[in-house]
Amino acid sequence: MAIYKERAIVLSGFRLGEADRVVVLLTPGHGKVRAVAKGIRKTKSRFGARLEPLVHVDLLLHSGKNLGTVTGAEIVEPFREVREDLDRLTIASSMAEAADRLAQEHEPSPMLYKLLLAALRELELRPPGRVMLAGYLMRLLEVAGFAMALGPCIGCGADGPHTRIGIADGGSLCRVCGGQACLVEPGTMALLEVLSSAKMARANELAVPQANAAEATGVALRFVEYHLDRRLKSVNLSSVMPREASLVQT
Amino acid sequence: MFEGPVQDLVDELSKLPSIGGKTAQRIAFHLLLRTSRTDADRLAAAIVAIKEQVAICPRCFNFAAGDLCRFCSDSRRDETVVCVVESPPDIIAVERTGEFRGLYHVLGGAISPIQGIGPDELRVRELLDRIKADGIVEVIIATNPNIEGEATAMYIARLIEPLGIRVTRIASGLPVGGDLEYADEVTLGRALEGRREIHG
Ligand SMILES: [Zn+2]
Ligand SMILES: [Zn+2]
């Protein structure tokens, strides 16, 4: 069994047996890693809060047949503001869950890791803006190779701006090609285009009308859920997150 | 696979949490070969008894042997202070301190934004109803000091504070008997925030 060092963001964890926990980690070099932290649930565990979700840590890992084992952990960034504020935590949880679902085990994913780290750093500095989650999801789609095509109609090539988005088609559609696609406001289409290349700090400071923010978040979520082939579980505990944005289906 | 009754017991035991097939077999063999008839009868009777005699307290959702649990039915307890916990074993832990004389409220878990466990799956609404109906003036939130426990505490505080109720959170920090140099910065930071004056 090999020992290796990795930097990681803790995505989540679940109880194992009496006192252990399995932690799910996002690493640049090994993609998603699941590892056991032995004895972590005991009050006197040397791990303390080092392996709590959304903490950025330096780890010493023992690779195993199925599950690795964490043998050492030092905090790089605790992201306390993120974890101790309900609004930030709610959005960060959705971000971590989406990254968890898209990352593959043992497949290096430096971009996914960098993106989540950038998003957490932004949320540590400032409370979430209206389109922070939408911005992250649009960048996530791009990093994962599922970028939305928002230029000309993906059916016939007609120039935009268009007001229909085909989730399964992967982008914007004209009136003719996109009869069944969901309808968005022109402002939302423009917003999605901006977000698809915006850095996290920029996405978080964008001041846009609530209706467009909700619509953009709804589209981005549906896109991600379409590619994951499942709904994201993370729940909305916060008033700032337009989680249940309804889309007009025509 | 084993013969009739042995296999039946192995099957039943493997339904229990954190007991796999191998462990179930070990327990079954232990009961078969090393446990006296008296002890086996006592175990069987204890299992039957909890199903027949233990109910859930309709007020605080702790286990109850009568109509209400022993805290809710004890007139010496302070009914204006409620300590909110995740599960009944947490009540035992708080009681052991001997420091708390109020009543409890068992949530039945913790909010986990990441696992998709929201307030609707816990007894949060019941807590709000109690606060409005029972003249409660202080709520102490004693959920676990992890991300789920903190999220739960923040959520409940946000709901209750507008009602003009005092909401406090148990302090978390360093375990007594631990060494400061091994503490991580999150735990140590919390301990600093929760510091108290000492008088020598
Ligand atoms: Zn077209
Ligand atoms: Zn009770």
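I started with the spacing of the donor residues of the zinc ion (ligand 1), and in sequence they run C-x2-C-x17-C-x2-C. This is a predicted model, where local features need pLDDT of at least 70, side-chain atom pairs count only at pLDDT 80 or more, and totals for chains, interfaces and linings use all residues. For my own bookkeeping: residues count from 1 along each chain as its sequence is written, chains are lettered from A and ligands numbered from 1 in the order written, and side-chain values use heavy atoms, with hydrogens and water left out.

Next I looked up who holds ligand 1. The SG atoms of Cys153(A), Cys156(A), Cys174(A) and Cys177(A) coordinate this zinc ion at 2.2 to 2.4 Å. Donors here are N, O and S atoms within 2.8 Å of the metal (3.2 Å for Na, K and Ca); water is not among the atoms, so sites may look incomplete. The four donor atoms subtend angles of 104 to 114°, so I noted the arrangement as tetrahedral (four donors, all angles between 85 and 135 degrees).

Cys156(A) counts as partly exposed because its relative accessibility is 49%, and Cys177(A) counts as partly exposed at 34%. Buried is under 20% relative accessible area, exposed over 50%, partly exposed in between (1.4 Å probe, protein chains only).

On to the zinc ion (ligand 2). I found Cys57(B), Cys60(B), Cys69(B) and Cys72(B) coordinating it through SG, at 2.3 to 2.4 Å. The donor residues of ligand 2 are spaced C-x2-C-x8-C-x2-C. Angles of 98 to 119° make the arrangement around ligand 2 tetrahedral. I also logged Cys69(B) and Cys72(B) as both buried.

Key
Four donors count as tetrahedral if all angles lie between 85 and 135 degrees; four count as square planar and six as octahedral if opposite donors are over 155 degrees apart and all others between 65 and 115; anything else is irregular.
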